Amino acid sequence: MIVPFVNNPRFLNDSKRIMKEFAENVFTSMMEHARVRYGLPENFHVSLFVSFGKNRVWHQGGYFRDTGQPFVDIALNRLLWMVPYGSRFRIETSEYDYLTKHKDFANIYGTWKTYVAWALSHELAHALMDSMLLNTELVDLDKFFDSRTRNDRRPHGLFFQSIYRDLRVTFVNGVEYIMSEQVAANEVKAKRVYTKKVITEATESKGGRLVTYKTPEGVVLGTFYSKPGQKVQKLNLETGNFEDTAHDKLVEARKELLAG
Ligand SMILES: [Zn+2]
């Protein structure tokens, strides 16, 4: 699948703001939920970091060794391009094989919001577990976890799973987040996309031509596949599949694309 890379600064800033605000809101709700669920004291806080660094791929959750302050740090750069589209995709959590086999932790379909909520639920579970083990005053473990669970302290063991499951079931699995911000981001996209100058990139593929039209800023307008004697096909960004257009010639398909 071809991922449109959008490098317009205004677009990026809008998308980052929208993503960060959403992450902070969901995180606040998760913390309020955990506070009630485990009777956490009012002065207990977990620091949230939302990173858009290009080289940052991994999320982290735990506590700072020097201060003991718990934190969650999620890396969202790879998802930025999705903000204006609101497409649904498969969220793979397959790095934890034994977890994905369990129905509560299985891979799920959703939008970038589902992904953000998923990443937060996993990392917050680490931060909460570490905090509860580090500070024995924080939570009465005997009250909330049976002995087998509270004694399995592996990073993704039963203790972790118990906290993670609660967050997953409440904030991720089967939860549909409203995508209203998409409209604002789409307006920005629309302004950027329909500029006059269009850059064409073409490659030969299976006896036909694969053509991508971009703005000078690098915004992908559309990708077509054309082969003599058959309808021009257009790449559907949501499904990643090529679909027939009404046109036999690329130039007509391109005209329709640019007319918007
Ligand atoms: Zn983990």
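These legends accompany several close-up views of a predicted model.

**View 1. The whole chain, before we zoom in.** Welcome to the overview: the protein chain contains eight helices and ten strands. Of its 260 residues, 29% are buried. If we take the contacts between residues at least 6 apart in sequence, 58% of them join residues at least 24 apart.

**View 2. Helix α3 packed with helix α6.** Here we look at α3, residues 112-134, and α6, residues 158-171. On the α3 side, the contact is made by A117, S121, H122, L124, A125, H126, L128 and M129. Facing them from α6 in this contact are F159, F160, I163, Y164, L167, R168 and F171. Sorted by class, the residues of the α3 and α6 contact are eleven nonpolar, three polar and one charged.

**View 3. The three-stranded sheet, β1-β3-β2.** This open sheet has mixed pairing, and its strands follow the order β1-β3-β2. Strands β1 (47-51) and β2 (60-63) are at the edges with a single partner strand each, so one side of each has no neighbour in the sheet. On average, neighbouring strands here are turned by 15° against each other, direction ignored.

View 4. To get your bearings, look for S47, which stands opposite F71 in β3.

**View 5. Helix α3 against the three-stranded sheet.** The helix from View 2 returns here, as α3 lies across β2 and β3. Relative to β2, helix α3 runs at about 15°.

**View 6. The five-stranded sheet, β6 to β10.** This second open sheet is antiparallel in its pairing, with the strand order β6-β7-β8-β9-β10. At its edges are β6 (199-205) and β10 (242-244), each of which pairs on one side only. Neighbouring strands of this sheet are turned against each other by 25° on average, direction ignored.

**View 7. Where β8 meets β9.** For our last stop, we stay in the five-stranded sheet. Strand β8, residues 220-226, and strand β9, residues 233-235, run antiparallel and are joined by two bridges. A handy pair to find is Y225 and its bridge partner in β9, Q233.

Methods: Residues are numbered from 1 along each chain as its sequence is written. This is a predicted model: local features need pLDDT of at least 70, side-chain atom pairs count only at pLDDT 80 or more; totals for chains, interfaces and linings use all residues. Axes are lines fitted to C-alpha atoms, for helices over the stretch in contact, and angles run from 0 to 180 degrees between N-to-C directions. Helices (H or I, at least four residues) and strands (E, at least two) are DSSP runs, numbered from the N terminus. Two residues are in contact if their C-beta atoms, placed from the backbone, lie within 7 Å. Ala, Val, Leu, Ile, Met, Phe, Trp, Tyr, Cys and Pro count as nonpolar, Asp, Glu, Lys and Arg as charged, and the others, Gly among them, as polar. A residue is buried if 20 or more other C-beta atoms lie within 10 Å of its own, exposed if 12 or fewer, and partly exposed in between; C-beta atoms are placed from the backbone. Two strands pair if DSSP finds at least two bridges between them.
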